[in-house]
Amino acid sequence: RQAGARGHIIGVDMTPEMLTKARGIAKQGGITNVCFRLGEIEHLPVGDGVADCVISNAVINLSPEKTQVYREINRVLAPGGRVSISDVMRMREVPEELK
């Protein structure tokens, strides 16, 4: 809805199960301006400079190649594009009993 009538959304996940779930939710909501692609955040299945906005929600922290993640975000962003990241960051060591 926020993409507008002419906007298009590309959802990316590395698991077929999440893509199936996302497709079902989109269909249930009558959302037709979205497609879902299997891929990894380090190698996004999106062309160069095509995204006006990249949104990452709690996934960058899972990648061991964070520098590559940011390269990919830069690659797919259109000039003047924006990024929104919501993630977690460890501020101190995790206690042994929680590992």
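This note sets out numbered points on the structure shown above.

1. Basis of the model. The model is predicted, so local features are reported at pLDDT of at least 70 and side-chain atom pairs at pLDDT 80 or more, while totals for chains, interfaces and linings use all residues. Residues are numbered from 1 along each chain as its sequence is written, and side-chain values use heavy atoms, with hydrogens and water left out.

2. Overall architecture. The protein has two helices and four strands, arranged from the N terminus as β-α-β-β-α-β. Helices (H or I, at least four residues) and strands (E, at least two) are DSSP runs, numbered from the N terminus. Along the principal axes, the C-alpha atoms occupy a box of roughly 50 × 35 × 20 Å.

3. Burial. Of the 99 residues, 24% count as buried. Buried means under 20% relative accessible area, exposed means over 50%, and partly exposed lies in between (1.4 Å probe, protein chains only).

4. The largest pocket. The space in the largest pocket comes to about 1600 Å³. Its lining comprises 39 residues, of which Ile9, Ile10, Gly11, Val12 and Ile55 are the closest to the pocket centre. On a 1 Å grid over the protein atoms alone, a pocket is an open set of points where a 1.4 Å probe fits, with protein on both sides within 12 Å along at least five of seven lines; lining residues have an atom within 4 Å of a point. Grid points are joined across faces, edges and corners, and the volume is the space filled by probe spheres set on the points.

5. Composition of the pocket lining. At least two lining residues come from each of strand 1 (9–13), helix 1 (16–28), strand 2 (34–38), strand 3 (51–57) and helix 2 (66–76). Strand 3 contributes the most, with seven residues. By class, the lining of the largest pocket holds 25 nonpolar, eight polar and six charged residues. In this classification Ala, Val, Leu, Ile, Met, Phe, Trp, Tyr, Cys and Pro are nonpolar, Asp, Glu, Lys and Arg are charged, and the others, Gly among them, are polar.

6. Salt bridge between Asp48 and Arg75. The structure holds four salt bridges, each defined as a side-chain nitrogen of Lys or Arg within 4 Å of a carboxyl oxygen of Asp or Glu. One of them pairs Asp48 with Arg75, with the closest N and O atoms 2.6 Å apart. This pair links distant parts of the chain, 27 residues apart: Asp48 is in the loop between strand 2 and strand 3, and Arg75 is in helix 2. Asp48 is exposed, at 57% relative accessible area, whereas Arg75 is partly exposed, at 26%. The C-alpha atoms of Asp48 and Val76 are separated by 4.6 Å, although these residues are 28 apart along the chain.

7. Further salt bridges. Arg90 pairs with Glu93, the closest N and O atoms being 3.8 Å apart. Arg90 counts as exposed at 57% relative accessibility, and Glu93 is exposed at 58%. Lys99 forms a salt bridge with Glu96, where the closest N and O atoms are 3.2 Å apart. Lys99 counts as exposed at 63% relative accessibility, and Glu96 is exposed at 59%. Salt bridges with shared partners also join Asp48, Glu72 and Arg75 into one network.

8. Nonpolar surface patch. Tyr70, Val83 and Ile85 form a nonpolar patch on the surface, with about 260 Å² of accessible area together. Such patches consist of residues with over 30% relative accessible area and no salt bridge, nonpolar side chains (Val, Leu, Ile, Met, Phe, Trp, Tyr) being joined within 5 Å and like charges within 9 Å. Accessible areas come from the Shrake-Rupley method with a 1.4 Å probe, and for residues only the protein chains shown count as cover. Val83 belongs to strand 4 (residues 77–86) and counts as partly exposed because its relative accessibility is 40%.

9. Pro45. Pro45 lies in the loop between strand 2 and strand 3 and is partly exposed, at 27% relative accessibility. The C-alpha atoms of Pro45 and Val83 are separated by 17 Å, the two residues being 38 apart along the chain.

10. Backbone at Ala58. Most residues other than glycine have a negative phi. Ala58 is not a glycine, yet has a positive phi of about 60°. Ala58 lies in the loop between strand 3 and helix 2, and at 41% relative accessibility Ala58 counts as partly exposed.
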